[in-house]
Each structure stands twice: as structure tokens, then as C-alpha cells.
Amino acid sequence: MPNYKALTGNEAVAWAMKQINPDVVAAYPITPQTSLMQKFADFVADGDVDTEMVLVESEHSAMSACVGSAAAGARTMTATSANGLALMWEILYIASGNRLPIVMPVVNRALSAPINIHGDHSDTMGARDSSWIQLFSENAQEAYENTIQAVRIAEHKDVLLPIMVTLDGFIISHGMETVDIYDDKRVKDFVGEFKPDHTLLNFKKPLTFGPLDLFDYYFEHKRQQAEGMKNALRVIEEVGMDFRKTFGKAYRHTEGYKLDDADVAIVLLGSTAGTAKEVIDQLRQEGKKVGQLKIRTFRPFPEEEIANILSRFKAIAVLDRSDGFNAIGGPLYNDIKAALYGKTSVPIVNYIYGLGGRDIPVGDIRKVFEDLLETARTKEIKEPLTYLGVR
Amino acid sequence: MAPSLKDLAKKPELLSPGHRMCAGCGAPIAIRQILHAIDGPVVTGCATGCLEVATTIYPYTAWRCSFIHNAFENSAATMSGVETAYRALKKKGKIKEDKVNFIAFGGDGGSYDIGFQSISGAMERGHDMLYVCYDNEAYMNTGVQRSSATPLGASTTTAPAGKVKQGKEEFRKDMTGCMAAHKIPYVAQASISNWRDLVAKVEKAMSIKGPKFINILSPCPPGWRHLPDETVEMAKLAVETCFWPLYEVEYGKVWRINYKPKNILPITDWINRQGRFRHLNKPQNKHIIETLQARVKEDWEILLKKEEIFK
């Protein structure tokens, strides 16, 4: 029987953390992440978890302490947003390079400047090459469930990479939803115990973590790391299947909506997928064959799966909630185009939307579909890159 | 209790020979003395710097104990994570050891400058760990650049003595004083030249639960420009001139000077032995020496007064 609670996205993730019961959480407040850690701190204060918290003086130290903690063999978590993630930057690479399976919910927020506290994907997009796995969430339920799965994915012996679970700032993090919270014991059993092979606290076998690694070995270690990210593609699917077996809900790298007979499709990440579903339903009633592909696994990028799904449409629009500032388009657009290279010659266009939390109303998405249907008909791209909803 | 050389000689060497620190480097002398003072399991960590790069060249390591290097500015934050992990895992019965020593190292660059915030945070949070700064008074690993630990008048590669500038134009930061202001259980200043004092301080630090900080003067032959076999002598002269007093502070309150030179040597006895101060011997730079000497004297007098407060 479902156990529905009225929770914000941040609270839902805090509930996942409570059920995961990590050994160590190091955190620093930043809007819109703050209420997530506040909720988790309540669980700590009430003795609902055994977690030791490190209330550090910066995000740089949060990630640094996480590296120390994970290297010591503790299941370790933190959470952040925007500039906080940017301050962690240097240590993101050290966490992944040391193969430490740290789990970090990131409440997506626009990066400064100009300073803005609202949701877009510019923060985690900048970290897309940091060798962190990135799972995007459409709503509070997904943020909760992605967080639970993240632990298993990161700690898998074939992966051993840190993982970000993203949720859109304010739209998901502060929006109240009904969230089905699973039984504590079932979550605990699903997550299992963290049993690392190498730790700083094994005094029978002292180890050196983070040595100087020059031209004679560095490359091999990076090659192994790349293999871990590749393996994550398989492991994310396996954990998703097991999640379905345990909790009855399927999780894959991508989620299609009304794609089966669609002529055109949009591709996007995060909460806008929910709004777009509403628009698709409306357009379907008007007889227009439209659909969407929501990307859940952004890193590693499920290229083959995406190419297989998208190569049969007549026109594709990629919606990016961040700009690449590369005079080409957004980061998702670049990856989708690369995935489809040689697979299809259909028109692919890019829309950049919602920067700094700018609202994306149904009318804007409807316009995207209408333009896309026109592009499919004429087979001509009028505008390869459109800034949607900008004055 | 003051340790004896005989006892120390029986202690295991946790920093093995064969590392690639320069001949005459003060840092490994400091590390060996510190590790001799430790009983039981130990986790060490180090900021990016000479000590780290020269002791952990993969696939080799000179560390016979657990060791972690993370980055330049976060040795303290990293060790605070390790120490927290220990407490979490101990609570859950996953670790047997009842007492583990946690020691984070950093040079003056990693401690006085880029890692200052990280140390301040870790000390304020009360982690059961010792932070050791091996202070060689400049960014030696990258080639002798000025740090906030560099003394007034010293020539470095980023603040060199030239036609119009005469080396560093500012006084050094009082890092030990900054740490004492955190009112943590134990703060000390030590020197590799006074090994008995240094070992006793580490033993004392590790007998106290909570955050501890020790600042150790660690001469650098290529940076200070003296001969490799003069390292210990250079450290000793810094102590005898009162440039580097040996003292300890408990809870930011009780100040105790551990060594008072009977005849305080003039600062020139120390600086005249080092190439980095050579330009100060020009007649037109005499005032720099006088300013430095006056500051050393003033600091020493302040320290004597601090000792009187809670004697």
C-alpha cells in the first residue's frame, strides 16, 4: 500500500537520505539546497539516523571532507547548488579520480553572474566532464527514488564513481508534491551495506591515497576510470531493473512519452518534462503526432539507446536549460547531435529556455512543437538555435 | 615527560628512507620526529607540496602508515572527514581501534595562505586531530615564491631583490597566534633543532582529545640559500635570535615559553648566513634589518607578557 506524504523535493531527498542512513554527511548551506540539509539535520537531531555530520565552513571543505570520509571507508553524502558546486570543482575531479562513491544531490540553480537563486542547469552542466555520474529527476518522487538508486550505482565494484542526483531548484526542491515513501527496511535492504576494499582505516594494510602519478601511470588510471563510467551504463540499468522488482517502478536511462507513433519529438531534462507531457496530451487531442524523450542518465551518456530511439523521427528539438556559450547551442543539443551523427539526417534544432528560473509556460512548449511539425513538413531548419521565452 | 634518544631510536620509522626530498630538507626531519612521538595507529594526510610530491611518487610511497593527499588547500578539511568517518564507523562497531591518531600536514603555503580557511574550520569544529605546519617560509615546491610566512626582506622569486625593491616588503603572518586565537586545547611552536621539545609537544598534543596545532620551523637549503648540512643550525639560530620562539598555548589562554635563550643573538647572526637576505647587507638596506630586529624584539616582549597573564 502506498505511503503518501506531502513533501517538497528537498524533503523527499532528505527522506531518502534518512533511509540510506549514511555514515557521514558533510554539508554547507546554499539556496535552494539549504532546506534539504535542514530537514536531514532534523533527522540527525532526533536520532532517526546514526549519521555523523560535518558542518563545514565552505563547499570546498564539504567535498574535501567527503573525500577523506569516503577514503576512510564511510558511506558519504553531501548536497549543494550552483556556486557551491562551482566551489567544489577542484575536488569533484579528486573524488572521481580516487574512485570514491560519494552521493550528492544537486539542486540545480543558475550560476552567477548575475547572481540568481533560481533553477537552471548551468551548474551541473559545467561538471559534466568531471567523471561524476549524473541522474536528472522530473519531480520529487524521482528525486527520492534516484537518490536511493544512486548509492547502489556509485558503490558498484565495476563503477566506483561519485554520483550527482539533480533536481530543479525551487520547481522541484520547494514544490510540494505527494511522494510515495517506501518502507524503511525495504530501502535499507535495497541499498545494502558499503564494503569498500581499500580504506584508510585498515591499519593492517596501510595505504597511500592520492599519490603523485606521472606520465608512466596516470594515463592507465584514467583509462580505468573511463571504463568505470562505461560500466555505469550497464549498472544503472541493472539497478533500475532491481528497483522495479523491489518497488514496482521501472527506471531506465531515458523515458519516452507518446513516442511510439510520433512524427516529431522533443528531448529534454528535468522538471520541464512534466509540463511538456501536458502539452503533448493537448496536441494529441488535436491529432498532432508529437512526443518527448526525457533523459534521466546524462552522464554516462546513453548514446546508443538515444540514437536508436531518435533516429526514426522526422524532426527533433532539443531543449536545454543552460547555454553552452560556444556559439553552437546547449550541452544536451551537442550530445544529441553527436549521438545521431551518421544515424539520421533529420532536422535537429535547439531551444535554450528557462535560464535563471525563467518560467516555461505551456504556450512556449506548444510553439516548439508547432515549429517542429512545420520543420518536419518542409524539411528545412529555419532557426537552428532559438532562445525561448527571452525578451 | 621528556623523551630520550634511546627510546626514540626504538620507535618504528613510519617515513621510510628513499623518499626524494632534497638533501638537508627540514621537513622529513620534522615528520620523523613527530611520528616517533606517536603511539598506536595513525592516519596522516598532507597538502600538495614538497612533502607530498617527494614521498608518494606512484607506484612508490615512503609512508608506512595510512596516508591521504587530496589537494593543496584542504589537508585539514580532508582529515576532518577521515576523523568523522572513524567516529561514525566506530559507533557502528565497524572499527576495532579505540584510539587512532589523525595528523594533517601542510607547508606554510598550504597552511598560512591557501589552506587557512580549511584549518580554521577544522579547528573550530573540534575534530580530534593534530594539524602540523612545516614552515619553510615560502612556496618552495613551485620554486621559492613569496608566502605570508616569508620574513620581511627575504628575496623570493615573486618578490625578488632588484634595483628598486628589496625582497618582501611585509612582515610575516603570526600563524601560531591565529591558531591560539581559536582557543583550541593546544597550540605550539617548535623547531627541528630542538628535537626533545618538539617530540614532547607532539606527545602532549596527542594525549589531548580535540583539535591541536603545531607550527614547526623547517629550513629549506635551496630556498633559504644555505648549505644542506646547515639546516639544523639555521633552525637553531632562528630560535636563539628569538625570531622563532618555542612556546605553547593551552585553550588560547595559558601561554608558556618553553625555551628562553640566555643571550639572545642579534637577528644578523641568522640572516647573514642565508643567501635570501644577502642584499640586506648593502648600506642602503640597513633600515630593513633594523625594522626586522625591532619587530622580533617587540614580538618577544609581547610573548613574555602573555606568559605572565596566567602564570
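Chain B of this predicted model exposes about 12,600 Å², of which carbon and sulfur atoms supply 57%; accessible areas come from the Shrake-Rupley method with a 1.4 Å probe, and for residues only the protein chains shown count as cover. Chain A exposes about 15,600 Å², with 52% supplied by carbon and sulfur atoms. Local features require pLDDT of at least 70 and side-chain atom pairs pLDDT 80 or more, whereas totals for chains, interfaces and linings use all residues; side-chain values use heavy atoms, without hydrogens and water. Residues are numbered from 1 along each chain as its sequence is written, and chains are lettered from A in the order in which they are written.

**Secondary structure**
- Chain A contains 12 helices and 16 strands, where helices (H or I, at least four residues) and strands (E, at least two) are DSSP runs numbered from the N terminus.
- In chain B there are 12 helices and eight strands.

**Dimensions**
- The radius of gyration of chain A is 21 Å, which agrees with the value near 21 Å for a compact globule of 391 residues; the radius is taken over C-alpha atoms, and the globule rule is 2.2 Å times the number of residues to the power 0.38.
- The C-alpha trace of chain A spans about 70 × 55 × 45 Å along its principal axes.
- Chain B, with 311 residues, has a radius of gyration of 19 Å, in agreement with the value near 19 Å for a compact globule.
- Along the principal axes, the C-alpha atoms of chain B fill a box of roughly 70 × 50 × 40 Å.

**Burial and contacts**
- Of the 391 residues in chain A, 57% are buried (under 20% relative accessible area, 1.4 Å probe, protein chains only).
- For chain B, 60% of the 311 residues count as buried.
- Among the contacts (heavy atoms within 4.5 Å) in chain A with a separation of 6 or more, 80% join residues 24 or more positions apart.
- The corresponding share in chain B, for residues at least 6 apart in sequence, is 69% joining residues at least 24 apart.

**Charges**
- Chain A carries 43 positive and 53 negative charges, whose mean positions are 5 Å apart; Lys and Arg count as positive, Asp and Glu as negative, and His and the chain ends are not counted.
- Chain B has 42 positive and 32 negative side chains, with the centres of the two sets 2 Å apart; each charge is placed at NZ of Lys, CZ of Arg, CG of Asp or CD of Glu.

**Domains of chain A**
- An automatic or database domain assignment gives domain 1 (4–247) and domain 2 (254–388) in chain A.
- Contact between them involves 28 residues from domain 1 of chain A and 25 residues from domain 2 of chain A.
- The C-alpha centres of these two domains of chain A lie 28 Å apart.

Conventions:
Buried < 20%, exposed > 50% of the residue type's maximum accessible area, 1.4 Å probe, protein only.
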